[in-house]
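This report covers helix packing and nonpolar cores in one model. The structure comes first, followed by the notes.

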Amino acid sequence: MMLTRKIASKISRKSRYLRRDMAHLSGFDEKFYRNARGSRILIYHGVCLGDHTRFNPIFLKLKTFEQHLQFYTKYFNVVSLDDYYQCNFSKDKFNVCITFDDGYANNHKYVLSLLEKYQLPATFFVTAIRDAGYDILWNDFLGIIGKYGPKEIIYKEELFRKGLFNRYISKKSGKNLADILRSGGFDVKAEMMELLYPLTPFRESKPNDIDYWLQMTREQIKELSASPLVTIGSHSYYHNDLARVPVKDAALEMSTSKQFLENTVDKPVNSFAFPYGSYTRQTVAEAKNAGYNQLLAMDFQFAEDHNDPAMRERFTVNPFISPVNQMHATITRSYER
């Protein structure tokens with residue numbers, strides 16, 4: 001019965017999306033977008049030329065992203081993060097704030113020129129992983145190994161087998177290797193990358209995949225920041241889950257990443273986006289102690305967050321639906337309506 005309901009729900013959702021696309025082609029939805037009011041902060045990640053689901057479900061095709069920008073230009077009012085916090089909104093349009101997480105080099109390569117083309121502001125939340133001597137985030141590394149690596153691996157004397165979405169699952173505990181590593185500090189993740197890289201030396205064997213994983217260099221971050229349309233924010237030092245590591249380690253990540261970015265862009269860095277949208281009351285307090293006054297989550301985890309002037313929720317862009325359906329979801333803050 002549960003499977004039947006899931007299938008029916010999926011069919012219904014696809015049908016609804018198709019009707020919405022057709023309505024837009026016919027111009028029947030014009031009034032909906034013209035009359036929409038409110039505000040939303042959006043989360044983008046990586047942008048690539050094609051095959052956006054090769055390693056993870058968060059990348060968007062470049063042409064799709066440009067269609068988003070064209071839609072914003074026509075119907076919405078796009079504001080900077082500072083303007084969003086100050087509620088400098090249009091009363092005549094729906095207001096959106098564009099943010100990018102993770103600091104991919106493709107943001108510098110593809111996104112900046114489009115922002116300049118359409119004269120739209122955006123904030124980029126960047127890690128300091130380059131300062132640590134790495135050019136890839138640990139979770140992207142594991143996604144690539146899952147794609148190209150063997151069906152089974154031995155890690156820490158434990159057998160892991162590929163399961164759904166090429167994730168390595170422990171035969172002993174049934175836990176996902178990514179989830180296991182997410183609960184640890186960066187030392188265990190760095191060790192994992194060193195141990196597993198020989199299984200798939202993708203830097204040498206898969207040079208065309210570089211858009212999917214390469215992090216911005218310090219110089220690219222600086223060039224991005226030089227645009228008057230761009231704000232640089234912090235996304236931690238290592239991209240650890242700050243709710244799962246010791247508080248003192250989370251505090252150090254937030255303060256050292258701020259220092260690295262401010263030294264790089266020669267500007268104050270006042271905004272912080274929690275990796276994975278994961279945080280605790282203590283990490284919020286430590287972020288404020290580090291000097292951040294703009295704290296970005298996804299869904300709030302505590303009732304008091306709604307009354308905290310530093311906290312804001314964000315809405316993650318769905319790479320699997322059309323721009324029309326994304327815009328509808330952005331306004332309604334739901335992919336199910």
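## Helix α3 against helix α13

In this predicted model, α3 passes α13 in a right-handed crossing (the near helix is turned clockwise from the far one by less than a right angle). Helices are DSSP runs of H or I with at least four residues, numbered from the N terminus. The axes of α3 (residues 62–75) and α13 (residues 323–332) come within 10 Å and cross at roughly 55°; axes are lines fitted to C-alpha atoms over the stretch in contact, and angles run from 0 to 180 degrees between N-to-C directions. That angle makes α3 oblique to α13, a class left over once angles under 35, over 145 and from 65 to 115 degrees are assigned as roughly parallel, antiparallel and perpendicular.

From α3, Thr64, Gln67, His68, Phe71 and Tyr72 meet Pro323, Val324, Gln326 and Met327 of α13.

## Nonpolar cores

A nonpolar core is a set of buried Ala, Val, Leu, Ile, Met, Phe, Trp, Tyr and Cys residues joined through side-chain atoms within 4.5 Å, where buried means under 20% relative accessible area (1.4 Å probe, protein chains only). The largest core has 93 residues, and Tyr72 and Phe124 have the most contacts inside it. Helix α5 supplies the largest share, seven residues.

Beyond neighbours within four places in sequence, Tyr72 is in contact (heavy atoms within 4.5 Å) with Leu42, Tyr44, Val78, Val96, Ile98, Leu120 and Met327. A second, separate core has nine residues, among them Leu81 and Phe125.

## Basis

Residues are numbered from 1 along each chain as its sequence is written, and side-chain values use heavy atoms, leaving out hydrogens and water. Local features need pLDDT of at least 70 and side-chain atom pairs count only at pLDDT 80 or more, while totals for chains, interfaces and linings use all residues.

Methods
Helices (H or I, at least four residues) and strands (E, at least two) are DSSP runs, numbered from the N terminus. Buried means under 20% relative accessible area, exposed over 50%, partly exposed in between (1.4 Å probe, protein chains only).
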